[in-house]
Amino acid sequence: MTPLSRLKTVADAALESVGAALDATPLSHRRHRIAVTGLQRSGKTVFITAFAHALMTAARAPMTAFPFFPWREHVRSVELLEIPGVPRFPFEERLAQLLGDTPAWPAPTTGLSGLRVRIRHDDVGLLRSVVSSTVTTDLDLIDYPGEWLLDLPMLGQSFRDWSRQMEELAHSAGRRDLAAPWLDAVRGLDAEAPENPAELARIAGLYRDYLVRCRQERGLCFVQPGRFAMEGDTVDPHASFFPLSTVRAGLGANFGAGIGAAKRGTMGAALLARHAAYLKQVRQFYGDVFGRLGKQVLLVDLLSALQQGREPFADLGLAIRSISDAFEELKHPLLRLLPMAKVERLALVATKADHVTADQHANLVNLLRDMVGEPFLLATARQSGLLAVASVKATTDLKLKVNDLATPFLRGIPAGRAEVLDIQPGVIPGTIPAADQWDETGFNIRRFEPPRLGPGFADRPLPHVNLDKVLQFLLARTGP
Ligand SMILES: Nc1nc2c(ncn2[C@@H]2O[C@H](COP(=O)(O)OP(=O)(O)O)[C@@H](O)[C@H]2O)c(=O)[nH]1
Ligand SMILES: [Mg+2]
């Protein structure tokens, strides 16, 4: 078995078993499958930890701790289970990190994982007055990397078209210097030479370094293949590939148009084969898993991108639009060929809303609206909604007098500091700033240390902004 087919088999088997697991719903249960996605560091792990904890504890806590909780007075018991066939989300460890003596933001998780919150409650159906039976509602929470969705557009492109687009992007001002090493290497590659796996692995390594550096050093997140730029995601060097444009001299115009367009046993043929194998994996994720996740939450960290400046912000826009395209099947005739159900609810969430004062939350939502785009929202109006959320609130709002005017401030411990400070994060634009406005906009958006909550919060929802509204939105009926 070649390393490539071995990798493929492992990945295929994992996705197949997840797909199969998601298929089984016993009739006696109500089951909501809630997938949480977003790019790295968008807040998925914190969201799932806080959300699951709230579901576990909301029934016993004061109403104000989690106002929307449909089963509040009817809960008999809540338990956490594994979703068979799906790696378990490490809930207990992550919660312990938040509630510890020296609280820490939970350590990152990678790949796909899930957690089943099983709520046994009285039947709160139409016949409230009738003595009711106990029913079971399962909320299956699934965490998967948004980077997987970044690859969707690749399904509709030939290797050649994709290569062209990637090389063009690599020549943009913010990326050119980072791309130089692999562009140099790829220029020296002869696509017709006999396949040399070591050389392919070397250039692929340079390409991956470039993608990772775009992410880590520049905050640029539109990188393809998305899986290649993920921390902790091990990519087999013998399965990885890189763009190879036909624009350069020496390559036949047909190269890259399809797998048959390169001579067998050549470097070119190997690249095409690896590209095709990768797309099969992408397609499998869509076919076996994505469509079965009926309710999805897409987390977007607009505020960090805003603080990083014009280019990272524009790049996040590219990434988010290519991700949201994944949800709009109509745009993708390809997807209609896949055996998938439908995403019935999509919550678009601007995360870390506690990084700005509460009076800016409406602007934050509008900024997200502008980024996702009105056409998408119109096309999915019945299913999609926008919210500003803090899964765990690390700051409190207060007003301080500035020049005799009561002015909104945040109180919290900025990241890396030990003392509480009052900070004025400023005004968030309600639309994407124009190119020439970036110089004037001075944001002061900071990251914060997690709040000191302590064991008192073990049995009540953590302080949050709008976390319960996400639940409300997901459970609301979509109509007839
Ligand atoms: N203040 C604040 N910070 C958050 C919140 N959610 C996430 N963060 C920050 O964002 C980082 C990344 O979050 P995480 O959930 O690990 O992102 P993931 O990579 O999408 O799973 C955390 O370590 C926190 O610093 C939130 O609700 N409030
Ligand atoms: Mg995570």
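These are my notebook entries on a predicted model of a protein with a ligand.

**Ground rules**

I number residues from 1 along each chain as its sequence is written, letter chains from A and number ligands from 1 in the order in which they are written. As the model is predicted, local features need pLDDT of at least 70 and side-chain atom pairs count only at pLDDT 80 or more, while totals for chains, interfaces and linings use all residues.

**Confidence**

I started with pLDDT, the predictor's confidence in each residue, from 0 to 100. The protein averages 86, and 86% of the residues score at least 70. I then went through helices and strands, which are DSSP runs numbered from the N terminus (helices H or I, at least four residues; strands E, at least two). Helix 2 has the highest confidence, at 98, and helix 11 (residues 333-336) the lowest, at a mean of 56. Over residues 1-10 the pLDDT is below 50. That stretch still has 12 contacts in the model beyond near neighbours in sequence, a contact being two residues whose C-beta atoms, placed from the backbone, lie within 7 Å.

**Overall make-up**

I find 14 helices and 10 strands in the protein. Of its 480 residues, 40% are buried. My cut-offs: buried is 20 or more other C-beta atoms within 10 Å of the residue's own, exposed is 12 or fewer, and partly exposed is in between, with C-beta atoms placed from the backbone. Taking contacts between residues at least 6 apart in sequence, I see that 78% join residues at least 24 apart.

**I48, in helix 2**

I stayed on helix 2, where I48 is found. I48 is buried because 26 other C-beta atoms lie within 10 Å. Leaving aside neighbours within four places in sequence, I48 contacts V36, F89, L115, L141 and D143. I48 and D143 are 95 residues apart in sequence, yet 7.5 Å apart C-alpha to C-alpha.

Which residues of helix 14 (residues 467-475) are buried? I list L467, V470, L471 and F473. They sit on the same side of helix 14 because they cover an arc of only 165° around the axis, taken from the directions from the helix axis to the C-beta atoms. Their cover includes helix 2, strand 5 (295-300), strand 6 (345-350) and strand 7 (384-388).

I also checked N466, in the loop between strand 10 (421-423) and helix 14. Its phi is near 65°, positive in a residue other than glycine. N466 counts as buried because it has 21 C-beta neighbours inside 10 Å.

**A394**

A394 lies in the loop between strand 7 and strand 8. Buried or exposed? I call A394 buried, because 23 C-beta neighbours are inside 10 Å. Not counting residues up to four places away in sequence, A394 touches D354, G412, F448, E449, P450 and P451. With D354, 40 residues away along the chain, the C-alpha separation is 6.5 Å.

D404 is in the loop between strand 8 (396-402) and strand 9. I noted a positive phi of about 75°, though D404 is not a glycine. D404 is exposed because it has 6 C-beta neighbours inside 10 Å. A406 is in strand 9 (residues 405-412) and is exposed too, with 10 such neighbours. Beyond four places in sequence, A406 touches K399 and K401.

**Two last look-ups**

I found a cis peptide bond joining Q224 and P225, omega about -10°. P225 is in the loop between helix 7 (197-218) and helix 8 (267-289).

D184 is in helix 6 (residues 176-187). D184 counts as exposed because 11 other C-beta atoms lie within 10 Å. I get 9.5 Å between the C-alpha atoms of D184 and I203, 19 residues apart along the chain.
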